[in-house]
Amino acid sequence: MTARAAGALAALVCLCACNPSAQTAESPNPNPSPTSSSLSLKISGRGTSQQPVRIVEQQRDTGRVQYDLLARSYETLSEQAGSRAQFEHVHVTFHSKDGSTLVADAPKAIVDQVTNTIEMLGGVHAKNNLGTTLSCDSLTYDHLTEMIYGTGHVAFTSATGFRATGNRFESDISLTHTRMQ
């Protein structure tokens, strides 16, 4: 390399190093981190009287059905942390470990994946497989504990005619281990 070429190369290097607006090329991140304004996905749908919307929740390890939800329509909002679905004109059959069932109807229900609950709203009417009836303003089913909790104008009537009322209750699905206030 000649002295003149070496001098020109050195001058070019100095100029590039001193340029405050010089940009360095970065390769794009193949796994970008989510921003605080992550997108939500909203889905809605309708069933018919012959073919309603149906959700069946089963235990992964045993395949046992925990509940079977039928509804006329739904709207779901999914986000990165989980999803919440709202159902209209709901009919849910809850299945306990001992084989008993509780069938509940309500105008509205919210299934929340984050809290693992189903909240039935607008006046709930339910009946278990032994003939005990239950009514309340709202009923919450905890998917993890398989317990139900109700509030507002609670009334139980057993198959033998025993009646109890209160403001709130908690119970198992069979309605045999119930605590009322």
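The secondary structure of the chain amounts to one helix and 12 strands. Helices (H or I, at least four residues) and strands (E, at least two) are DSSP runs, numbered from the N terminus. Along the sequence the pattern reads α-β-β-β-β-β-β-β-β-β-β-β-β. The model is predicted: local features need pLDDT of at least 70, side-chain atom pairs count only at pLDDT 80 or more, and totals for chains, interfaces and linings use all residues. Residues are numbered from 1 along each chain as its sequence is written, and side-chain values use heavy atoms, with hydrogens and water left out.

Of the 181 residues in the chain, 32% are buried. Buried means under 20% relative accessible area, exposed over 50%, and partly exposed in between (1.4 Å probe, protein chains only). Contact means heavy atoms within 4.5 Å. Among contacts between residues at least 6 apart in sequence, 36% join residues at least 24 apart.

Strand 2 and strand 3 pair in the antiparallel sense, over six bridges. Two strands pair if DSSP finds at least two bridges between them. Gln58 has Val65 of strand 3 as its bridge partner. The two strands form a hairpin with six residues between them. In the turn, Gly63 has a positive phi of about 80°.

A search of the whole structure finds five aromatic pairs. Rings of Phe, Tyr and Trp (its six-membered ring) pair if their centres lie within 6.5 Å; planes under 30 degrees apart count as stacked, over 60 as edge-to-face and the rest as tilted. One of the pairs is Tyr67 with Tyr141, edge-to-face, at 5.9 Å centre to centre and 75° between the planes. Tyr67 lies in strand 3 (residues 65–79) and Tyr141 in strand 9 (residues 138–142), so this pair ties together parts that are 74 residues apart in sequence. Tyr67 is buried at 5% relative accessibility. Tyr141 is also buried, with a relative accessible area of 0%.

Another edge-to-face pair is formed by Phe156 and Phe169, at 5.2 Å centre to centre and 85° between the planes. Phe156 belongs to strand 10 (residues 147–157) and Phe169 to strand 11 (residues 163–172), so the pair ties together parts that are 13 residues apart in sequence. Both phenylalanines, Phe156 and Phe169, are buried. Tyr67, Phe94 and Tyr141 form one aromatic cluster.

Strand 10 also contains Ala155. Ala155 is buried, at 9% relative accessibility. Not counting residues up to four places away in sequence, Ala155 touches Thr133, Leu134, Ser135, Arg163, Ala164 and Thr165. Ala155 and Asn167 are 12 residues apart in sequence and 8.7 Å apart in space, C-alpha to C-alpha.

The largest pocket has a volume of about 490 Å³. On a 1 Å grid over the protein atoms alone, a pocket is an open set of points where a 1.4 Å probe fits, with protein on both sides within 12 Å along at least five of seven lines; lining residues have an atom within 4 Å of a point. Grid points are joined across faces, edges and corners, and a volume is the space filled by probe spheres set on the points. The lining has 20 residues, of which Ile55, Glu57, Tyr67, Val111 and Gln113 lie nearest the centre of the pocket. Strand 2 (53–58), strand 3, strand 4 (82–95), strand 5 (101–112) and strand 6 (117–121) each give two or more residues to this lining. The lining divides into eight nonpolar, nine polar and three charged residues. Ala, Val, Leu, Ile, Met, Phe, Trp, Tyr, Cys and Pro count as nonpolar, Asp, Glu, Lys and Arg as charged, and the others, Gly among them, as polar.
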